[in-house]
Amino acid sequence: MKTEVLPAFAGENELNQAAIEKAGTLLRAGEVVAIPTETVYGLAANAYDGEAVSKIFKAKGRPQDNPLIVHIAKVETLSDLVAEVPEAAKKLAAAFWPGPLTIILPKSEKIPDAVSAGLPTVAVRMPSHPVAHAVIEAAGVPLAAPSANLSGSPSPTNAKYVFDDMHDRIPLILDGGSSAVGVESTVITLATERPRVLRPGGVTVEQLRELLGEVDVDDAVLHKLAEGVRAASPGMKYKHYAPRAEITIVKGTLKEFRRFLESKEKDAFVLCFAGEEQYFPRAVTYGEADDGLSQANRLFDALRELDEQGAKTVYARCPQLSGVGLAVYNRLIRAAGFKFVEAV
Ligand code: TXA
Ligand code: MG
């Protein structure tokens with residue numbers, strides 16, 4: 001199948017209506033279309049059509065037991081997808097939708113098993129990207145969409161990276177420029193006794209606690225799951241976001257990092273913060289040292305750039321674990337296969 005790439009915008013703030021309509025028509029016909037969102041690009045299909053959804057799994061090579069997020073354009077649609085809308089969900093939606101937050105709740109019978117991968121729950125998000133919003137409206141149905149990468153690769157933040165992974169696998173990619181956040185949405189479940197963050201993202205744990213009070217952070221966010229432990233979020237158990245290069249996270253100050261590197265392979269690459277590249281002959285940067293949002297924005301692109309430059313061994317500077325930095329660390333530690341060392 002030949003993959004068409006269409007610009008999603010006709011002018012600076014004007015949508016390319018013909019492209020949006022084409023996406024809507026394909027989606028209604030049970031096809032898969034890649035669309036931009038503010039977090040990363042998504043691979044969308046009609047969430048009510050199990051057969052259409054199964055094409056997503058095929059295109060990505062995604063394990064069947066990893067459920068998808070359902071994307072909606074209006075808050076009211078939530079009540080069609082879940083058994084009940086609790087007070088906490090209303091609060092979260094009012095505070096963070098549209099935006100990079102996914103809420104998990106017990107599902108309604110409208111959700112096919114293909115979407116929830118057999119779980120009794122469903123994940124729902126209302127994206128803020130105008131193209132995502134317009135495509136959901138044009139399709140007239142909620143859209144199930146995982147990130148638009150091949151399973152195991154970094155999530156794509158622009159249409160070119162989607163094309164690299166998905167060409168000849170899907171009929172259409174809408175090009176809406178670079179994703180603003182750069183890492184996937186925060187996932188919070190309300191199906192547990194206390195709200196629990198399963199994946200950190202652009203909406204921070206601090207923000208969620210301010211709104212809801214006590215919020216747990218799942219163990220799998222920061223640590224490798226022990227053998228035999230069941231993942232609350234199936235996606236967390238897979239090696240993920242992994243470039244071909246072998247990455248080691250080095251904890252410590254810049255000074256300690258530089259000293260640590262002196263004893264390392266001369267052809268090693270460094271993944272560091274902006275301004276630090278002057279100290280290393282082969283460096284790729286990912287954002288400012290104290291700014292999680294700028295790091296999130298660059299991380300997946302930086303991982304792909306390391307591959308493009310042929311990096312085999314990479315030593316990475318460690319982000320802070322607060323704010324959006326927690327999401328950055330969560331992705332980086334998976335890209336590194338949970339390998340880190342202390343520089344001191
Ligand atoms: O920002 C995002 O969330 C992007 C854009 C496209 O919206 N989507 C995305 O989807 O990152 P995906 O499939 O790559 O990640 C969804 C994560 C996976 O870790 C999956 O296991 C988890 O959410 N998930 C989905 N439904 C779930 C459920 N019912 N219970 C627990 N985890 C769930
Ligand atoms: Mg993904």
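This is a predicted model: local features need pLDDT of at least 70, side-chain atom pairs count only at pLDDT 80 or more; totals for chains, interfaces and linings use all residues.
Q: Which residue is the bridge partner of Lys-251 in strand 16?
A: The partner is Glu-342.

Q: What makes strand 14 and strand 16 edge strands?
A: The sheet is open, with 5 strands in the order 14-13-15-12-16 and parallel pairing. Strand 14 (283–285) and strand 16 (340–342) each pair on one side only.

Q: How does helix 9 lie relative to strand 15?
A: Helix 9 (residues 254–262) packs on this sheet and touches strand 12, strand 13 (269–272), strand 15 (313–317) and strand 16; contact means heavy atoms within 4.5 Å. Its direction makes about 165 degrees with that of strand 15. Axes are lines fitted to C-alpha atoms, for helices over the stretch in contact, and angles run from 0 to 180 degrees between N-to-C directions. Helix 10 (residues 292–308) lies across strands 12, 13, 14 and 15, at about 160 degrees to strand 14.

Q: Why is one side of strand 1 and of strand 11 left without a neighbour in the sheet?
A: This open sheet has 11 strands in the order 1-8-2-3-7-4-6-5-9-10-11, and its pairing is mixed. Strand 1 (4–7) and strand 11 (216–217) stand at the edges with a single partner strand each, so one side of each has no neighbour in the sheet.

Q: In which sense do strand 9 and strand 10 pair?
A: Strand 9 (residues 186–189) pairs with strand 10 in the antiparallel sense over 3 bridges. Thr-189 stands opposite Arg-196 in strand 10.

Q: Which residues come nearest to ligand 1?
A: A residue is near a molecule or strand if one of its heavy atoms lies within 4 Å of it. Of the 27 residues around ligand 1, the nearest are Thr-39, Asn-66, His-71, Ser-185 and Gly-235.

Q: What makes Ser-147 a polar contact of ligand 1?
A: A polar contact is a pair of N or O atoms within 3.5 Å; within protein, one must be able to donate a hydrogen and the other to accept it, and residues adjacent in sequence count only if both atoms are side-chain atoms. A polar side-chain atom of Ser-147 lies 3.0 Å from an oxygen atom of ligand 1, so the pair is inside the limit of 3.5 Å. For Arg-125, a polar side-chain atom is 3.1 Å from a ligand oxygen atom; for Ser-233, the distance is 3.3 Å to a nitrogen atom.

Q: How much of the accessible area of ligand 1 does the protein cover?
A: The protein covers 97% of the 680 Å² that the ligand has on its own. Areas come from the Shrake-Rupley method with a 1.4 Å probe; for residues, only the protein chains shown count as cover.

Definitions and conventions: Residues are numbered from 1 along each chain as its sequence is written. Chains are lettered from A and ligands numbered from 1 in the order in which they are written. Side-chain values use heavy atoms; hydrogens and water are left out. Two strands pair if DSSP finds at least two bridges between them. Helices (H or I, at least four residues) and strands (E, at least two) are DSSP runs, numbered from the N terminus.
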